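Work through the exercises below with the model open. Try each task before reading its solution.

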Amino acid sequence: IVSLDLLSPTVLRARLRTQEPFAYRAGQYVVLRRPDGLARSYSLASLPEESALELHIRRAPFGKMSGWLFEQAAANDKVALRGPAGDCFYTAGNAQQPLLLAGTGTGLAPLAGILKDALQQGHNGPIHLFHGAMRPEGLYLREELRALSDRHANVTYTPVVMEGGET
């Protein structure tokens, strides 16, 4: 574990560095295993060329893994990874095609990775990212995603909440 940072009261960004090269596509997922063997799957929000893998972990009520990550784990703790797996990633080939990315909660993690990957690969068609939550405090990365939208005319970021007002 390189770092653990709160993105919101209920979402933690875990950055991990592997001992060996780790080939993956932004949007895939890995299985994170702590030293006692407990394992959970998390999507990758980072790009392969970044110095650390990025996972977004929602604090689950009574969650054994998320509780450990929020309360006990620290930088330099050792964890194991298995993967990558999954077919949710950006595929280049039609840079003008519209992309619709929609998710709720930490379902934003793979979408954020896919968005960054598409932009890095020169996607210039419209990209619409919708991130939903029950209440405004459930949204995270708003400033980062608004900044991406401001820098790229083809990106539209829309935060959506079910109750509780403005986003």
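Contact means heavy atoms within 4.5 Å. Axes are lines fitted to C-alpha atoms, for helices over the stretch in contact, and angles run from 0 to 180 degrees between N-to-C directions. Helices (H or I, at least four residues) and strands (E, at least two) are DSSP runs, numbered from the N terminus. The model is predicted: local features need pLDDT of at least 70, side-chain atom pairs count only at pLDDT 80 or more, and totals for chains, interfaces and linings use all residues. Residues are numbered from 1 along each chain as its sequence is written, and side-chain values use heavy atoms, with hydrogens and water left out.

**Exercise 1. Find the residue that forms a salt bridge with arginine 15.**

Step 1. Apply the criterion: a side-chain nitrogen of Lys or Arg within 4 Å of a carboxyl oxygen of Asp or Glu.
Step 2. The structure holds 7 salt bridges.
Step 3. Arginine 15 pairs in this way with glutamate 54, with the closest N and O atoms 3.5 Å apart.
Step 4. The pair links distant parts of the chain: arginine 15 is in β2 and glutamate 54 is in β5, 39 residues apart.

**Exercise 2. Repeat the analysis for the open sheet with β3.**

Step 1. The order is β4-β3-β6, again an open sheet of 3 strands with antiparallel pairing.
Step 2. β4 and β6 stand at the edges with a single partner strand each, so one side of each is left without a neighbour in the sheet.
Step 3. The twist averages 25° from one strand to the next.
Step 4. β3 (residues 29-33) pairs with β6 over 4 bridges in the antiparallel sense. Valine 31 stands opposite arginine 82 in β6.
Step 5. α1 packs on this sheet, touching β3 and β4, and its direction makes about 75° with that of β4.

**Exercise 3. Check the backbone at proline 84 and phenylalanine 62.**

Step 1. Recall the background: most residues other than glycine have a negative phi, and most peptide bonds are trans.
Step 2. The peptide bond from glycine 83 to proline 84 is cis, with omega near 5°. Proline 84 sits in β6 (residues 80-85).
Step 3. Phenylalanine 62 has a positive phi of about 65° although it is not a glycine. Its place is in the loop between β5 and α1.

Definitions and conventions
Pairing = 2+ DSSP bridges.
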